[in-house]
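Subject: Structure handover

Hello,

Here is the structure we spoke about. My notes on what was found in it follow below.

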Amino acid sequence: MKKWTAVTILGSAQFVMVLDSTVMNVSISTVVRDLDTTVAAMQGAITFYTLTMAAVMLLGAKLGDVWGRRRAFMIGAIVYACGSLLTAFSPNFATLFLGWSVIEGLGAVLVIPAIAALVAENYLGKDRVIAYAIIGAISGAAVAAGPLIGGYVTTYLSWRPVFAGEVVIMLVVILLARLISDSSTPQKIRIDVFSVVLSAAGLVLVVLGMLQSKTWGWILPYQSPEINGRPIEPLGLSLVPYLILSGAALIWWFMVRQNALVSAGRAPLLRTDLFAIPQLRAGLLVLGAQYAFTAGVFFMIPIYLQMTLGFNALETGLRIFPLSIALILFSVVGTRLSAIWSPRRIVRVGQLILVASAVCLLGSVSVDLKSTVFAVGMFTAGAALGLLASQLGNVNMSSVDEKETSEAGGLQGVFQNLGSSLGTALIGSVLIASLATSFVGAVNASSLSASTKSAVTTATESGVAIVPLSSIEGIATDAGLSSTESAQLASIYGESQVNSLRLSFFALIIFSVIALLFSKNIPTEKVGSRRKKTVNSASDDLQ
């Protein structure tokens, strides 16, 4: 068992990283109420938590080379613990945003690349495959435990003790980190600050544009921001395409600068030639798609269960449990299958199951989501994600040599968190924007009085907030509507929420189908075959 000490310590840190976001997802309605904020604000916080990590993950990976990977891991764990502590005692949304979305995110950018690199450092051959599968299974366990732990503690105590508990776990990890082997030596590397700014700004602008699409409109302006009462609508268009295109331009500039640094004999923040490795490129794209799907599901389903059906955090966790338990089980199944199937076959099967699960979830949509079809859809989604998790870590890290593990680990962290950011932003935008469109359209087509329709149109000019369905009649009555019209308005709002959920699941189907194109260059040889081929190749080189 001593052999697995390192992966146990690293896995504990990984557990906390994954647990953190799942807890926040099932606690959304409670946090909204406790901190007097909104669902849209929490969507922003969740998105920027992962975006913070994606934006500076490459810097975190490079600092692992500068400081040494174990040292970077320990420093990141300390920063993360400080962010968790601040989150646990947040008196308002701004403090929570700082502690959770920013400080925790900055700690994670050091921890996540170090986990990937230190696993590669401590294990070789088949043990490395098993170690990465263990990390994947631990992530699955956190996905399973997060909704239940967070749900139970939030329902019967508060959401705050969960984040305090994270501090304790990270302190234990820090104390035991010396047991992890690290033969890497700190390197004297001059980090290009301009590259850090370019990559961070580019990613932030792209995700910010997608996040604000629900408010500002994708192309044509909807509710544009204003300066001195004048809307900001360049050339009569929404700001969203400008943000996305500006972000893409900065990312392109970043890539050009990396090549220029290499030509000048300086160390780049990222070696762009890594993207020329077909196996790594495919693994990263599939990984990003996997995390985007997961983030989308874990955002929209808790929102619907809590804000529409009035579920508490524990009830929400129990509804998500089929996905969580399947993820753990099929992480193990995927590892076993590695002995007889190639990584590409396992990944392709996982992707096809993911498409089927999204179709199943779409077919299960109803007002109460109580059907067996919904449970089957969640279980099959978890099974698909488990199969993917069992393969992708090793696919990515085995595509590079030992000197490149920090950069590969950093890229893996970037795609994980960028995928999560895009999943939350895109699916969240679809959910919220379609709710507004469906609700206003249904009200105008209804038999409600003209004065009521006019009042609803005026009240929803700045968007439709996601509020508990049970509160709609009271809100309508307080606004002066009769009991009959209040009940009719509540019915329309409930149907609009169902429609927005249905459209969000349809978006997941499209996304999961497109992701099938990414797995073309996943290895077609079994782990043992690849290892034997590599050894033979090395022997030939020596002769």
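Which side chain meets that of Arg-69 in a salt bridge? The partner is Glu-121, at 3.9 Å from N to O. Please keep in mind that this is a predicted model.

Salt bridges

The whole structure contains four salt bridges. Arg-69 has a relative accessible area of 7% and is buried, whereas Glu-121 is partly exposed at 22%.

Two others involve Asp-192. Its salt bridge with Arg-257 has the closest N and O atoms 2.7 Å apart. That pair links distant parts of the chain, with Arg-257 in helix α9 and Asp-192 in the loop between α7 (160-176) and α8, 65 residues apart. Asp-192 also meets Arg-266 in a salt bridge, at 3.4 Å from N to O. Arg-266 lies in the loop between α9 and α10 (278-308), so this pair ties together parts 74 residues apart in sequence. Within it, Asp-192 is buried at 6% relative accessibility, while Arg-257 is partly exposed at 25% and Arg-266 is partly exposed at 29%.

Aromatic pairs

There are eight aromatic pairs in the structure. One of them is Trp-4 with Tyr-123, which is stacked, with 5.2 Å centre to centre and 15 degrees between the planes. Trp-4 sits in the segment before α1 (5-26) and Tyr-123 in the loop between α5 (93-122) and α6 (125-156), so the pair ties together parts 119 residues apart in sequence. Trp-4 is buried at 18% relative accessibility, and Tyr-123 is buried at 3%.

Tyr-49 and Trp-100 form another stacked pair, at 4.4 Å centre to centre and 15 degrees between the planes. Here Tyr-49 is in helix α3 (residues 39-67) and Trp-100 in helix α5, 51 residues apart. Both residues, Tyr-49 and Trp-100, are buried.

Surface and interior

A nonpolar patch on the surface is formed by Val-193, Phe-194, Val-197, Trp-252, Trp-253 and Val-256, with about 620 Å² of accessible area together. Helices α8 (193-216) and α9 (239-263) each supply at least two of its residues. Phe-194, in helix α8, is partly exposed at 33%.

Ser-504, in helix α17 (residues 483-515), is buried at 0% relative accessibility. Beyond its neighbours within four places in sequence, Ser-504 is in contact with Met-300, Ile-427, Val-430 and Leu-431.

Regards

How values were computed:
Residues are numbered from 1 along each chain as its sequence is written. This is a predicted model: local features need pLDDT of at least 70, side-chain atom pairs count only at pLDDT 80 or more; totals for chains, interfaces and linings use all residues. Side-chain values use heavy atoms; hydrogens and water are left out. Rings of Phe, Tyr and Trp (its six-membered ring) pair if their centres lie within 6.5 Å; planes under 30 degrees apart count as stacked, over 60 as edge-to-face and the rest as tilted. Helices (H or I, at least four residues) and strands (E, at least two) are DSSP runs, numbered from the N terminus. Buried means under 20% relative accessible area, exposed over 50%, partly exposed in between (1.4 Å probe, protein chains only). Patches are made of residues with over 30% relative accessible area and no salt bridge: like charges are joined within 9 Å, nonpolar side chains (Val, Leu, Ile, Met, Phe, Trp, Tyr) within 5 Å. Accessible areas come from the Shrake-Rupley method with a 1.4 Å probe; for residues, only the protein chains shown count as cover. Contact means heavy atoms within 4.5 Å.
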